[in-house]
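Thanks for coming, everyone. Let me put the structure up, and then we will walk through it.

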Amino acid sequence: MNKQFQKAWSELLSPFLRRPKRLQVAALCYKQANDTDDKEILLVTSRDTGRWIIPKGWPIDGKNASEAALQEAWEEAGVRKGTVMGKALGFYNYDKELKGGLPVAVETLVFSVKVNEMRDDYPEASQRERKWVSPAEAANMVQEPQLQDMLRSL
């Protein structure tokens, strides 16, 4: 009976209950470190758990994906001016817990953003910390394996 239940679960019930992934956009913000070729990556803390992340959010009506990523970089990290460097670097997946406690699968499209200007007064300044770190350090600070790989490849 156990094998029949497992088969019914994997072939019928589980696919029926799975929700499609939702899309978020993210800005992997960087700057050149002290007139060298080395990059520094900007991380911020999440508002709910305080874990280290890159600025990200839901798509914004009237903006394409890279423009929405730049908007998130402003709101969450104070990146006032930045340049999106080409197409998306890639994506990473994670489960986001919504306000009702229900987890939802999210695919996050990541854009490389060269930071041209930062501000200390930005919309979420009182809700987040921000920190510049090396790509290797950033990879060790974030939790998402695909994002870690992306950071290690810089």
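How many helices and how many strands are there in the chain? Four helices and eight strands. Helices here are DSSP runs of H or I with at least four residues, strands are runs of E with at least two, and both are numbered from the N terminus. Read from the N terminus, the order is α-β-β-β-β-α-β-β-β-β-α-α.

Two notes on ground rules. This is a predicted model, where local features need pLDDT of at least 70, side-chain atom pairs count only at pLDDT 80 or more, and totals for chains, interfaces and linings use all residues. Residues are numbered from 1 along each chain as its sequence is written, and side-chain values use heavy atoms, with hydrogens and water left out.

Now the overall numbers. The chain has 154 residues, and 36% of them are buried. Buried means under 20% relative accessible area, exposed means over 50%, and partly exposed is in between, with a 1.4 Å probe and protein chains only.

Look at S7, residues 103-118. Which strands does it pair with? Pairing requires at least two DSSP bridges between two strands. S1, residues 22-32, runs parallel to S7, with nine bridges. Leu23 stands opposite Glu107 there. S5 runs antiparallel to S7, with five bridges. In that case Val84 faces Val113 of S7. S6, residues 90-97, is also antiparallel to S7, over eight bridges. Phe91 has Leu109 of S7 as its bridge partner. S6 and S7 form a hairpin with five residues between the strands, and Gly101 in that hairpin takes a positive phi near 95°.

On to charges. Side chains of opposite charge can pair when their charged atoms come close. A salt bridge here is a side-chain nitrogen of Lys or Arg within 4 Å of a carboxyl oxygen of Asp or Glu. By that rule we count eight salt bridges.

Start with Lys81 and Glu117. Their closest N and O atoms are 3.6 Å apart. Lys81 is partly exposed at 49%, and Glu117 is partly exposed at 22%. Glu117 also forms a salt bridge with Arg119, at 2.7 Å between the closest N and O atoms. Arg119 is partly exposed at 38%.

Elsewhere, Glu40 and Lys31 meet at 3.7 Å, N to O. Glu40 is partly exposed at 22%, and Lys31 is partly exposed at 30%. Then there is a network: salt bridges link Arg47, Glu76, Glu124 and Arg128.

Last stop, Glu144. Is Glu144 buried or exposed? Buried, at 5% relative accessibility. Glu144 lies in the loop between helix H3, 135-141, and helix H4, 145-152. What does Glu144 contact, leaving aside neighbours within four places in sequence? Arg51, Tyr92, Asn93 and Tyr94.

That is my tour. Over to you.

Definitions and conventions:
Contact means heavy atoms within 4.5 Å.
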